[in-house]
Structures are given as structure tokens and as C-alpha cells.
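Here are my notes on the model below. Please read them with the structure open.

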Amino acid sequence: MSTHIGAEAGAIAPLVLMPGDPLRARWIAETFLDDATCYSEVRGMLGYTGTWQGRPVSVQGSGMGQPSMAIYVNELFRDYDVQSVIRVGSCGALSERLALRDLVIASGACTDSSMNRITFEGLDYAPVADFGLLRAAADAAPEAHVGLILSADSFYATRPELTTRMAEHGVLAIEMEASALYTIAARHGRRALAVCTVSDHIVTGEETTAAEREQTFGRMVEVALTAGLGIGTTAG
């Protein structure tokens with residue numbers, strides 16, 4: 001039983017979908033999973049296990065930001081032998097090529113966080129997705145945009161010009177968790193992917209409501225389930 005999840009051994013499936021919002025975790029479990037049961041309510045960060053097309057899947061909230069994400073991902077890999085974590089979250093579009101509710105599949109995650117700089121003593125580690133999951137998700141969602149995202153430490157940026165510079169170098173969207181997820185998965189030899197839905201547009205100023213972000217981003221969940229379980233895909 002881990003410190004922050006507190007689930008019994010065997011309660012969590014090898015595949016975990018991970019939204020930031022614990023209420024989205026509950027919505028995913030109730031909407032997509034059969035016979036879902038709640039295995040954790042510690043600190044209100046809900047976790048559920050059920051089945052999808054007869055195969056076990058868990059859904060675990062991560063909270064906002066890389067430090068919070070890192071707590072739950074480390075415990076999932078270390079204490080529950082989870083093999084794959086797929087982030088299903090929201091992102092802000094940095095490119096005019098993207099529209100609200102478009103899917104973004106993150107091949108890699110740039111970051112302004114100091115977490116990796118501390119770990120790698122100033123070297124620029126490049127956190128990337130598991131290729132098998134990435135390929136499977138792209139096959140499942142040919143309409144999605146595949147490319148780099150930015151995992152930021154600050155929701156309210158004090159240096160917006162730096163985000164603009166990222167966009168000028170092809171970064172598609174901004175969120176707050178994927179870089180830590182990809183790095184920790186690499187450290188543990190596990191698989192990770194981030195599939196995000198555009199919830200707001202940094203360029204145009206468009207945005208979705210809190211209720212829409214919690215309950216209407218179902219396409220990315222379908223893609224994550226299909227990729228993670230290898231149903232109708234070529235997942236490696």
C-alpha cells in the first residue's frame with residue numbers, strides 16, 4: 001500500500017489512464033468502464049479499476065503540475081507494477097492549425113521545469129513517448145495532431161514570450177504534466193503517452209467551460225484505451 005494512493009496490492013490494472021482532474025477520472029470510470037470500483041479516495045485524488053471490452057483498466061487522477069503527477073506515477077510504477085500510463089488531459093493550443101477539441105498526441109515534451117535539470121545535472125534530457133503507444137494512438141486517431149508539446153510549471157506565465165518561441169519551433173500545445181510522466185516512465189523502463197484535447201486556444205483566446213473539460217472529452221479516452229490495450233492496433 002503506497003503513501004498517496006493507498007490501494008491494496010492487485011487493485012490497479014497494468015494499464016492506467018491518468019487525467020489531472022479526479023472528477024474526470026470518475027467520469028471516465030462511470031462512462032467507459034464496466035464494473036468500475038473505487039480503489040482510492042486519498043486526498044480526494046480518485047482512482048478506479050474496471051474493464052473495457054473485457055480487459056482490466058484503471059483510471060487515476062494526478063492533480064495539476066509535474067510535482068503532483070510525479071508522486072502518483074512513481075507509486076504506480078514502483079508499488080503497483082503498472083506497465084503503461086496514458087495521460088488523458090487538456091491542453092492549450094499554440095498553433096493556429098489547431099482548433100478547440102482537436103486531439104494532440106505528444107511525441108515528446110519540452111519543459112521549463114527544473115525537475116530534469118536537477119536530475120541530469122544541467123544536461124538537456126529529451127522526454128519522449130513510448131513509440132508503440134504513440135504509433136497505436138496515431139493509428140487509432142488519424143485526425144489527431146502528432147508532435148511536441150510544452151509541459152509548463154506555471155499556469156499563469158510571467159514570460160509569455162518564451163511560449164511564443166516554443167511555438168515558432170513547432171511546439172503544438174502547452175500543458176503541465178507530460179514531461180515528468182515521460183521521464184519517470186523511462187527511469188522505470190515502462191511505457192507512457194500523453195493524449196490531450198485542446199481546451200483553450202492561446203492564439204485566438206477561445207476556451208471551453210470547466211464542465212466541458214470534465215465531461216465532454218471522450219474521444220481522447222477512446223483513443224487511449226484502444227492504444228493502451230492494443231485493440232485493433234499495432235502497439236509495440
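**Notes on the predicted model**

1. Ser 68 sits in helix 2 (residues 66–80). Helices (H or I, at least four residues) and strands (E, at least two) are DSSP runs, numbered from the N terminus. Ser 68 is buried, at 18% relative accessible area. The cut-offs are under 20% for buried and over 50% for exposed, with partly exposed in between (1.4 Å probe, protein chains only). Beyond its neighbours within four places in sequence, Ser 68 contacts Ser 62 and Gly 63. A contact means heavy atoms within 4.5 Å.

2. On provenance, this is a predicted model: local features need pLDDT of at least 70, side-chain atom pairs need 80 or more, and totals for chains, interfaces and linings use all residues. Residues are numbered from 1 along each chain as its sequence is written, and side-chain values use heavy atoms, leaving out hydrogens and water.

3. Confidence comes next. pLDDT is the predictor's confidence in each residue, from 0 to 100. Its mean over the protein is 93, and 97% of the residues reach 70 or more. Residues 232–236 stay under 50. For that stretch the model has 13 contacts beyond four places in sequence.

4. Helix 1 covers residues 22–32. Its buried residues are Pro 22, Arg 24, Ala 25, Trp 27, Ile 28, Ala 29 and Phe 32. What covers them includes strand 2 (34–40), strand 3 (47–52), strand 4 (55–60) and strand 5 (84–93). Helix 7 (210–215) and helix 8 (218–229) are also among the covering elements. Asp 21 caps the N-terminal end of helix 1, with a side-chain oxygen 2.8 Å from the backbone nitrogen of Leu 23.

5. The largest pocket has a volume of about 870 Å³. Of its 33 lining residues, Met 64, Ser 90, Phe 155, Ser 199 and Asp 200 are the closest to its centre. Strand 5, helix 5 (160–168), strand 8 (173–175), strand 9 (191–201) and helix 7 each give two or more residues to the lining. Strand 5 gives the most, with five. A pocket here is an open set of points on a 1 Å grid over the protein atoms alone, where a 1.4 Å probe fits, with protein on both sides within 12 Å along at least five of seven lines; lining residues have an atom within 4 Å of a point. Grid points are joined across faces, edges and corners, and the volume is the space filled by probe spheres set on the points.

6. Asp 153 lies in the loop between strand 7 (145–151) and helix 5. Asp 153 is partly exposed, at 39% relative accessible area. Its C-alpha atom is 6.5 Å from that of Asp 112, 41 residues apart along the chain. Its side chain makes a polar contact with the side chain of Ser 113 (3.4 Å). A polar contact is a pair of N or O atoms within 3.5 Å; within protein, one must be able to donate a hydrogen and the other to accept it, and residues adjacent in sequence count only if both atoms are side-chain atoms.

7. Arg 101 is not a glycine, yet has a positive phi of about 75°. Glu 121, also not a glycine, has a positive phi of about 50°. Arg 101 is partly exposed, at 41%, while Glu 121 is exposed, at 75%.
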